[in-house]
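Please open the model in a viewer and keep a selection panel at hand.

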Amino acid sequence: MRIACVYVLVAAVWIWCSDRAIGLLVHDAGLLMTLQTLKGWFFVLVTGVMLYWMIRYDLHSLERSHERLRAGHEQALGVLVAAMDARHRETGHHSERVARMASELARLDGIKGRALDALRLGALLHDIGKLALPDAILTKPGPLDEGELALMREHPRIGYELLQQVDFLRVSSDVPYSHHERWDGSGYPQGLRGEEIPLAARIFSVIDVWDALITERVYKVAWPEDRVLAYLRDVAGSQLDPRLVKLFLDNYAALKQRLERSEGLPQPAA
């Protein structure tokens with residue numbers, strides 16, 4: 001705004017001074033008209049350049065503000081997710097790890113831009129619905145009974161409803177809502193089948209199953225890596241999207257290598 005005001009002032013001074021100067025120095029009517037025309041075109045050119053520069057400046061300022069706002073949001077979400085993992089007694093920054101791994105698999109599948117950002121945030125918040133569940137269920141060392149299991153299966157719907165209340169997270173709700181759907185239609189909460197399941201959720205499900213098996217949980221020991229990969233092959237086409245399982249397995253070594261420097265990378269059982 002201040003730049004625009006300065007430009008208007010300078011332009012007014014230029015118009016007044018240039019008109020006075022030409023009027024004093026030039027007395028031929030034809031030459032006077034030519035100079036006024038040239039002066040007008042020069043003014044239009046300078047105005048166009050200035051407008052272009054001011055718009056670019058404002059856009060860059062908006063982008064910087066957006067990045068600062070986004071960074072603040074992600075820092076807040078990071079604290080929330082760390083608290084969630086601690087409450088659930090997850091190992092090795094589970095939510096951050098699976099979000100990172102799911103993003104890498106999504107890139108391999110050609111997802112980019114806003115869709116990739118939405119997937120990453122959805123993966124980071126995939127278990128946010130568990131905030132509504134009691135600790136006795138989340139940290140139970142043995143199998144859940146029928147009533148506890150029914151309550152546990154409510155967390156995708158709860159997570160979806162929570163994210164729908166936040167404008168910038170609504171587009172990220174596919175993963176929290178649908179990551180327990182199964183390729184054969186036997187999952188929950190909606191019983192979706194095959195490609196009815198959102199792609200982001202299908203990608204994340206491969207990573208979530210891998211991570212759940214290869215790490216130690218309160219209710220199980222970590223599986224050996226070869227057993228985990230064999231299990232993924234076995235459930236391709238029933239629990240998981242077979243194309244995405246193949247993509248994951250074909251690139252498994254590269255995916256692990258990209259994450260080797262990441263804090264909390266799960267160490268498979270011997």
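A salt bridge is here a side-chain nitrogen of Lys or Arg within 4 Å of a carboxyl oxygen of Asp or Glu. The model is a predicted one. Select D167 and R170 to see the term applied: their side chains meet in a salt bridge, with 3.2 Å from N to O. D167 is exposed, at a relative accessible area of 60%, and R170 is partly exposed, at 40%.

**The whole chain**

The chain contains 12 helices and 0 strands, so the elements from the N terminus onward read α-α-α-α-α-α-α-α-α-α-α-α, as DSSP runs define them. Of its 270 residues, 39% count as buried. Among contacts with a separation of 6 or more, 62% join residues 24 or more positions apart. Switch to a surface view: the chain exposes about 15700 Å², and carbon and sulfur atoms supply 60% of that area.

**A surface patch**

Keep the surface on and select L51, I55, L59 and L62. These residues form a nonpolar patch on the surface, with about 390 Å² of accessible area together. For orientation, I55 is placed in helix α2, which covers residues 29-88.

**Further salt bridges**

Return to a side-chain view. Side chains of opposite charge can pair when their charged atoms come close. The count of salt bridges in this model comes to 12.

Select D211 and R97. Their closest N and O atoms are 2.6 Å apart in a salt bridge. D211 belongs to helix α9 and R97 to helix α3 (residues 94-108), so this pair ties together parts that are 114 residues apart in sequence. Are these two residues buried or exposed? D211 is buried, with a relative accessible area of 0%, and R97 is buried too, with a value of 3%.

Now select R182 and D184, whose side chains meet in a salt bridge at 3.8 Å from N to O. R182 is partly exposed, with a relative accessible area of 27%, and D184 is likewise partly exposed, at 27%.

To end this stop, select E104, R107 and R258, which are linked in a network of salt bridges.

**Aromatic side chains**

How many aromatic pairs does a search of the whole structure find? It finds 5. Select W210 and Y252: their ring centres lie 6.2 Å apart with the planes at 75°, and the pair is therefore edge-to-face. W210 lies in helix α9 (residues 199-214) and Y252 in helix α12 (residues 252-258), so the pair ties together parts that are 42 residues apart in sequence. Both W210 and Y252 are buried.

Move to W223 and Y231, another edge-to-face pair, with 5.7 Å from centre to centre and 90° between the planes. W223 is buried, with a relative accessible area of 17%, whereas Y231 is partly exposed, at 27%. The cut-off that separates these two labels is 20% relative accessible area, since buried means under that value.

**A leucine in helix α11**

Select L244, which lies in helix α11 (residues 242-250). L244 is buried, with a relative accessible area of 0%. Which residues does L244 touch, not counting residues up to four places away in sequence? They are D109, L199, R202, I203 and V206. Select L105 as well: the C-alpha atoms of L244 and L105 are separated by 8.5 Å, while the two residues are 139 residues apart along the chain.

**A glutamate in helix α6**

The last stop is E148, placed in helix α6 (residues 146-152). At 18% relative accessibility, E148 counts as buried. With residues up to four places away in sequence left out, E148 touches I137, K140 and P143.

How values were computed: Residues numbered from 1 in each chain as written. Predicted model: local features only at pLDDT ≥ 70, side-chain atom pairs only at ≥ 80, totals over all residues. Heavy atoms only, no water. Patch = residues over 30% accessible without salt bridge, like charges linked within 9 Å, V, L, I, M, F, W, Y side chains within 5 Å. Areas by Shrake-Rupley, 256 points an atom, 1.4 Å probe, with all protein chains shown as cover. Helix = DSSP H or I, 4+ residues; strand = E, 2+ residues; numbered from the N terminus. Buried < 20%, exposed > 50% of the residue type's maximum accessible area, 1.4 Å probe, protein only. Contact = heavy atoms within 4.5 Å. Phe/Tyr/Trp six-rings, centres within 6.5 Å; stacked < 30°, edge-to-face > 60°.
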